[in-house]
Amino acid sequence: MHETELHDLSDDADYAASVEQASASVMLTRTESGSRSFPSEPEGAELIYSKDNVTIHPTQFASERISGRLKLAKQGESVFMTWSPYKGQSSNARLSEKDRNLYTIRAVPFSDVRSIRRHTPTLGWQYIIIVMSSGLAFPPLYFYNGGVKEFFATLKQHVLIVRSLEDANVFLVNDFQNPLQRTLSSLEMPGAVSMGSALSIPDSGSPLASLTDGGKNSAVLSQSIFRNWQKAQDPGRDLSINVLEKFSLVTKFARDTTTQLFRENSNGFAALDPKNYGIPRPRLDAPYQEEQEKKKVPEEIHVPADPIEFDKLALVWGQPRQSPLGPIEWASFLDSEGRIMDSKALRKRVFYGGVEHTIRNEVWAFLLGYHDYESTYAEREYLKTSKRTEYMTIKQQWQSISPEQAKRFTKFRERKGLIDKDVVRTDRSLPFYEGDNNPNVKTLRDILLTYSFYNFDLGYCQGMSDLLSPILYVMEDESESFWCFVELMERLGPNFNRDQSGIHAQLFALSKLVELLDAPLHDYFQPRECLNYFFCFRWILIQFKREFEYEQIMFLWEVLWTRHLSEHLHLYLCVAILKRYRDKIMGEQMDFDTLLKFINELSGHIELDPFLRDAEALCIYAGENGAASIPPGTPPSLPIENENSLLYSQDDEVL
């Protein structure tokens, strides 16, 4: 790594305030064992970095922050990170001690870390985001008292850090176990570089290596090949890309079979696996093996009863779905000048029946907020004309960029390249988008590029094309599709924040709803490190887009957009699905990896109507307690702007 790159690892302003923290080296002791991988602090590890007042924000309110201590520890050649919240120092009654402990980061080895994104906004606190090899990310860690400089300076002394070729604020991480390999790599010599763990026997009692390269065997790559791999696999393009692409790949089977070179024996020490050294594996005698199989008796798992009589509840509260709203009935909601006479009744009607496709383009414009319910025919026509002119003005901003300008406009090139790549694989099985040189695909691209200029701070993130596709399909007009998409992103935009603040806020609210509506299931998740509910990430990010057929998605979205019972009905839908499969989840003792795989495999196999009825029933049953479990401003609620709110900047200062 070049000297200039080392200097750029973080900001000089942080260093002086925290340099005194780096001196002491003490021995850490094990406090608790992690149920899935590693203990909270590795036994006998040397403390190499400690920083107080490092904070996590579960919601957008600064008053609800959770402060704690961030540590880096080294054991042998392995480096680990932990973060623990302070005990008994809650600044807000909404967050209990139990809630705060959900965010504890137990000993995470940097062999499992794929990248670190550094945010150094001109205003506000600096923070980092740790992204795992699986594509999942921990909540942002805010450094209230500085310390980002020292964090990177300490880390680079023990772990190879490679700056992303695509984003100067992203650093790819590889914890090479072999010191010689690490030295050669840091000098960028063309020698062999191990992408996983080198074949060296760790010290007795050291943690196992896992999740080294996202499911690939520990290949030996040249430095030039590594550069190409880095560019192709770079998570700096957007965190959501990796989450969506990796979700179907992260399984316990893949991790166990492709990334671990050593296994623990019965004494807890790292035992050599013969397959890695060409040593034949001892073969069990077949009759003996069959006899042992026969002795295995399936253990009956007791599944705690559902605290709510779910089937009866749905029958009592969940009203049956009605036929879709048709043109004649739609006209009855309008007065002679085109105003909606009873918007509440209209939204309730859509909630229970949806809308016939022939009038969706009219109704969606109201549900999304593009048209006001009290607007007249004439006012809506004037709005269409003026908005079309405004749209073309914004569109011409990127159309007028010459090739020479584009060479000097990195952000534009990055976003354009990502959009070009995404639109050609968005819903191409539909007749509306299928075929080469499809004009609708080009329109999809133009709208997304124009939006990236309209909302330059947010820009473009993968998943946005999934949200725009049905809107363009329904509206069949470029300008109106754009403005309807703008209205939708006013509510769902936080889902695509780089710090994932919007997603984390919804996952936190989901955990509170499950705890309220099915405490045994919530308790089951706790020892299995599932309380972050990351297995529901895709559901929330793109509003179940990939879980249902296209027609069902349009129906679901128009139901959600009515906000008839709650702005957060999608969270109750998550709860309803989990409750329906609770017996299978607990009966089969699913851990995080198995549960993630199971949830992904539900795609295309969920019947929407029964789950909508269940979600409605749960929402009504939860009542005010359910509403109180969801922090104000949680998407898709409109953001609350006041002195206590956090404003997350999408742009980073590149040094």
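R582 has a relative accessibility of 3% and therefore counts as buried (under 20% relative accessible area, with exposed over 50% and partly exposed in between, for a 1.4 Å probe and protein chains only). Its side chain meets that of D583 in a salt bridge, with N to O at 3.5 Å; a salt bridge is here a side-chain nitrogen of Lys or Arg within 4 Å of a carboxyl oxygen of Asp or Glu. D583, at 48% relative accessibility, counts as partly exposed. Salt bridges that share partners also join K395, K416, D420, K442, R445, D446 and E478 into one network.

The model is predicted, and local features need pLDDT of at least 70, side-chain atom pairs count only at pLDDT 80 or more, and totals for chains, interfaces and linings use all residues. Residues are numbered from 1 along each chain as its sequence is written, and side-chain values use heavy atoms, with hydrogens and water left out.

The structure holds 32 salt bridges. One of them joins the side chains of K384 and E480, at 3.7 Å from N to O. K384 lies in helix α14 (residues 377–399) and E480 in helix α19, so this pair ties together parts that are 96 residues apart in sequence. Helices are DSSP runs of H or I with at least four residues, and strands are runs of E with at least two, numbered from the N terminus. K384 is partly exposed, its relative accessible area being 22%, whereas E480 counts as buried at 11% relative accessibility.

A further salt bridge is formed by K545 and D427, whose closest N and O atoms are 3.0 Å apart. This pair links distant parts of the chain: K545 is in the loop between α22 (537–541) and α23, and D427 is in the loop between α16 and α17, 118 residues apart. K545 and D427 are both buried.

Helix α18 (residues 464–475) comprises 12 residues and reaches 17 Å from its first C-alpha to its last. This span is close to the expected 16 Å, the expectation being 1.5 Å times one less than the number of residues. Of the 12 residues of α18, 11 are buried, so the helix is largely enclosed by the rest of the structure. The buried residues are M464, S465, D466, L467, L468, S469, P470, I471, L472, V474 and M475. Their cover includes α13 (360–367), α16 (410–423), α17 (439–454), α19 (478–492) and α23 (550–562), where contact means heavy atoms within 4.5 Å. Just after α18, E476 takes a positive phi of about 55 degrees.
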